Amino acid sequence: MLEVQNLGFDYGTREILKAVDFGVLPGEVTVVLGPNGVGKSTLLRCINSILKPKRGFVMVQGENLHTLGRDEIAKRLGYVAQRSETGMLTAFDAILLGRKPRLGWSVKARDREIVEETVKMLGLEELALRYIDQLSGGELQKVAIARALVQEPEIILLDEPTSNLDLKNQVDILDTIRGIAKAQGISVVLTMHDINLALRYADSFLIIRNGEIYARGGPEIITPEVIETVYGLPVMVESFKGFRLVIPVG
Amino acid sequence: MDQTKTAGMNKANESGLKLAGDTFSSAYSRYIGRKFTFIFLSILLLILLFLHSIAVGAADVSVTDVARVLLGEDLGNSNTIIWQIRLPRALTAIVAGVGLSVAGASLQSILRNPLGSPYTLGISHAAAFGAAFSVIVLGSGTMRSTGADAVMLNNPYITTTVAFLFSMLTTFILLAIAKYKGASPEVMILTGVALSSLFTAGTMFLQYFADDVQLAAVVFWSFGDVGRADWGDLAIISAVVLPSMLYFYLNCWNYNAIDAGDETAKGLGVDVEKIRLWGMLVASLVTSFIVAFLGVIGFVGLVCPHISRRFVGDDQRFLLPASCLVGGLLLLGSDTAARMLMEPHVLPVAILTAFMGAPLFLYLLVRGFRH
């Protein structure tokens, strides 16, 4: 259970986030929407203490995250950055890196076990021993998600996990994320731009405008009025074969 | 929470996947085993090269005699040659090679730049400037010939101390800029380039006003040579290199995390700025000591980590030890070759490493840096 209370952040005198309040239940997938530059990534970084928020709290299971050390935060929150660097490291070792916050001086049998389990769960056996600089974008993204999973976190934050991926990989990755959230009761917060995909996979939405939450709730909050106000673009919201679709008009 | 999750995972994996999982797991064990084999073979090779290096020279001593002397037997003349000349020289080559290479490997990781090395950050150039300053301005560099073994500075300690002070000054400038501008890889490498040109300019300026004896002393100093160190110098260098090696190794998971990107590393609980700053400080310290005592030995810190990468990949758990071994092997091998090539003249090892380093570097460049 993640609770964000009154979270605020400034770059110098420029206020990026004003006072953001929201909560995510275990197993719930929340998508943060909003135009470029409204502070979506900043919000994720503040939640994870990668950026020190200027105001407010982040509570995980009732514990104030900002009073904890980095390792302790990493045991509770997994973070999948927008970009992962590659190198001559096997996918297995890249995932094993997720055990970092829990490693003592050495890798223990337990660490290897959980990595093996996660590799199997995500169907990565075939590429586990390949160097990550030989992987495709979608495969690399799965490795990054697996790395966050072996942290055994209660919450996973993902910064635009589907950018730079083709349609099949986008669907694949979002299926994976949603599956994990439901199966393991992990709260997931992710940012993305594709509202139609978000409508398929999200339980709840957080729409950010000028550093503030403009709207918050289930799929019902995605209305033509909200989208037009936030993105400055007139749209229709239609149902087609059971899917809600946002279609730009004019 | 953790336990319930794990139980769930185990349950999901109980059926059918067991066999496939075992083969995949043993494949990984074999893969790790290969890396250990490389490290083991390198250690073996280093021991053999070490014995060979002590055996060869103007007065030939057999490898068995070397072993006997090292085990404490008294073989008269051979004892003096081995204990006083060849052993400190060979050990200095190994320790300096290890130090420069491990400093390079860690800098390449924490600066996330394949060009990271003590040389690139301007530390070596600063030391060379310090030596020039000491010889020309402080007059520490009148030379005298010692007959058999090339030439020596008449006051090596002042030269060494000033060289050390200047390389540490550079380190502090680098750290101050890192603190002020953030220790991003770009900022650090560009600062290194700027400082290198500044100190090179300073050295040229001093050399222009030097007389021919001073000029010769400065040039002599700048040829890195492991034969310059006696047991005392070796002890000082080792006292810095060995703990630093341990420090870098204890940080191998932090460096693996930083290799995955700053944000990912922070998400994994790594204090990236702190690790980067300390890593730079330790790497600079190691380089400063080595360069101050031995002179500038280029390319070892740059090339050895890349050679090691070809064998063990980027995983710092293996890359750091492998770099240490390859560094020791390369510098000891080069020094042995430098002693043999133009017998009875002994070439400073830096000339040879530069000759070998450049083609190696170009080869790696053409094959593509993988970092």
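Two strands are said to pair if DSSP finds at least two bridges between them. With that in mind, and remembering that this is a predicted model, let me begin with strand β3 of chain A, residues 29-33, which pairs with β8(A) in the parallel sense over four bridges. Within that pairing, A:T30 stands opposite A:V189 in β8(A).

β8(A) also has β7(A) as a partner: the two run parallel and are joined by five bridges, and here A:I156 stands opposite A:V188 of β8(A). If we follow the chain between these two strands, we find that β7(A), helix α6 of chain A, residues 167-184, and β8(A) make a right-handed β-α-β unit.

Now to the backbone angles. A:E152, in the loop between α5 (137-150) and β7 (155-159) of chain A, has a phi near 50 degrees, which is a positive value in a residue other than glycine. A:E152 counts as buried because its relative accessibility is 7%.

A:Q61 likewise has a positive phi near 50 degrees, and is a residue other than glycine; it is found in the loop between β4 (55-60) and β5 (63-64) of chain A. At 44% relative accessibility, however, A:Q61 counts as partly exposed.

Conventions. Residues are numbered from 1 along each chain as its sequence is written. Chains are lettered from A and ligands numbered from 1 in the order in which they are written. This is a predicted model: local features need pLDDT of at least 70, side-chain atom pairs count only at pLDDT 80 or more; totals for chains, interfaces and linings use all residues. Side-chain values use heavy atoms; hydrogens and water are left out. Buried means under 20% relative accessible area, exposed over 50%, partly exposed in between (1.4 Å probe, protein chains only). A crossover is right-handed if, with the strands pointing away from the viewer, the path from the first strand over the helix to the second runs clockwise.
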